[in-house]
Amino acid sequence: MTQPCSHALFARDVLIGTRWHQNQTLMIENGVIAEIIAGKVDHAEEAQGPVIPGMVNCHSHAFQRGFAGFSEQGSEGQDSFWTWRKIMYKFVDHISPEQARVIARQLYIEMLKAGYTRVAEFHYLHHDPEGNCYPQLSTMARAIFQAAGDAGIGITLLPVLYRFSGFGPLPPTHGQRRFINSVEQFNQLVSDCFDYAKSIENANVGIAPHSLRAVDLESLHDVVNHVKRLDAQAPIHIHIAEQMQEVDDCLAHYQKRPVQWLLDNIDVDKHWCLIHATHIDEQELKGIAKCGAIAGICPTTEANLGDGIFPTADFLQAGGQLAIGSDSHISVSATEELKLLEYAQRLQKQQRAVLANAQTASVGLNLWQHSSQGGALATSSNTGEIAVGRQADLLVLDQDKMRLYAGGADYRMDSFIFANASNAVRDVMVNGRWVIHEYQHREQQQSADDFARVLAHLSSEN
Ligand code: ZN
């Protein structure tokens with residue numbers, strides 16, 4: 001493992017904490033911002049535009065990048081999340097560890113280019129195409145770690161516990177054979193991932209019980225206890241209330257809504273991230289905000305799958321903390337997620353600038369800060385803002401593109417998120433190392449060629 005580089009980066013405009021500052025030099029040592037000095041330090045490299053913190057992508061299923069765009073052909077209004085899932089299960093049938101690595105590498109390069117500097121990978125493709133364990137349980141997980149290393153993105157790997165096909169519990173279906181583990185096997189997999197993550201840079205591990213339909217209370221307790229013994233700060237993510245059918249099934253089985261059941265039965269705290277807490281009532285909303293769990297929202301996927309709209313404005317007003325994710329990767333763009341997050345509220349409330357607040361009038365600035373810091377919490381990573389002691393995960397925006405629209409620092413993040421039709425992320429640094437330089441990644445051509453080859457092969461098998 002090589003050490004992250006150390007250097008000095010001068011920025012004419014840099015977003016430190018909640019404010020724009022001018023003419024600052026970030027002194028970066030071993031990947032961390034060691035000091036921020038006013039003025040330009042001799043020999044400092046100069047950032048070619050405004051510098052902002054990188055975004056954390058709190059929810060990714062990397063392999064789904066392989067069929068993004070393949071599920072948009074309708075059948076007379078009969079399509080839903082559940083018909084999409086059938087297409088996904090079919091696609092997942094044949095993917096090998098090498099192919100998973102190629103797809104994930106391509107995705108992670110795209111993420112870097114779009115402003116994400118860390119990804120939480122909700123990883124459930126564990127076994128071989130017959131559903132048997134690989135000789136090494138973590139074979140598929142290692143492929144994902146390696147893809148993150150190839151691309152240079154930070155990763156929080158969340159092995160997924162998937163046991164059942166529905167409340168009851170119902171036995172898993174054939175389409176789910178590659179996802180299923182016993183609790184013992186799963187805990188072994190988690191331990192293997194912890195061991196492997198120690199050998200690579202900028203990686204950590206948590207767990208993801210898939211959903212309340214896929215795990216029971218006893219398993220949930222067992223896997224949470226196991227991961228807490230390995231790391232008391234380990235993030236724990238769960239799909240919680242994406243679809244109304246899921247809420248209705250939970251009510252029928254437990255006589256409680258999913259979020260309420262979770263809060264009543266498990267010690268949910270700030271290390272939890274509730275993915276797609278889309279369908280919640282007022283009491284559940286307050287319960288999430290009170291316990292400090294992060295709401296992981298995936299606006300473009302939730303729109304694409306017809307899930308519903310998370311009550312973002314009410315949640316923020318209640319003091320809730322949120323993060324954003326690209327989930328199915330129908331879009332890989334931090335700005336597009338945030339734009340849709342705001343626009344869904346506008347359409348619903350017939351108002352404008354809904355997600356601003358008294359302290360921060362700029363919707364763009366408010367959302368970027370909330371979600372980058374929420375993403376850092378959701379991944380237990382030392383990221384999410386530019387400050388002394390934080391990891392140097394930075395974006396340099398394109399001054400030429402920004403200049404077209406921005407009227408000054410107060411409008412900069414709004415221009416970036418709402419008014420830039422093309423990507424304005426020019427350079428990207430992760431853990432003190434440049435990974436995107438003038439919109440380019442050093443592996444991008446090789447990655448794109450390999451990705452096209454893998455996709456052609458997988459399409460011929462489906
Ligand atoms: Zn998901």
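A salt bridge is counted here when a side-chain nitrogen of Lys or Arg lies within 4 Å of a carboxyl oxygen of Asp or Glu. By this criterion the structure holds 20 salt bridges. The model is predicted: local features need pLDDT of at least 70, side-chain atom pairs count only at pLDDT 80 or more, and totals for chains, interfaces and linings use all residues. Residues are numbered from 1 along each chain as its sequence is written, and side-chain values use heavy atoms, with hydrogens and water left out.

**Salt bridges**

| Pair | N to O separation |
|---|---|
| K256 and D264 | 2.6 Å |
| D281 and R257 | 3.8 Å |
| E385 and R390 | 3.3 Å |

Helices (H or I, at least four residues) and strands (E, at least two) are DSSP runs, numbered from the N terminus. For accessibility, buried means under 20% relative accessible area, exposed over 50%, and partly exposed in between (1.4 Å probe, protein chains only). K256 is partly exposed at 31% relative accessibility, and D264 is partly exposed at 41%. R12, K40 and E46 are linked in a network of salt bridges.

**Strand β1**

Of the 10 residues of strand β1 (residues 7-16), 8 are buried, so the strand is largely enclosed by the rest of the structure. Strands pair if DSSP finds at least two bridges between them. β1 runs antiparallel to strand β2 (residues 19-29), with 9 bridges joining them, and parallel to strand β4 (residues 45-46), with 2 bridges. F10 stands opposite T25 in β2 and opposite E46 in β4. The hairpin of β1 and β2 has 2 residues between the strands, and G17 in the turn has a positive phi of about 60°.

**Domains**

The domain assignment, automatic or from a database, gives domain 1 (6-52 + 390-444) and domain 2 (54-378). Their centres, taken over C-alpha atoms, are separated by 28 Å. In contact (heavy atoms within 4.5 Å) are 29 residues of domain 1 and 28 residues of domain 2. The area buried between the domains is about 2,300 Å², and carbon and sulfur atoms give 57% of it; buried area is the accessible area (1.4 Å probe) that two parts lose on being put together, summed over both. Between domain 1 and domain 2 the count is 1 salt bridge.
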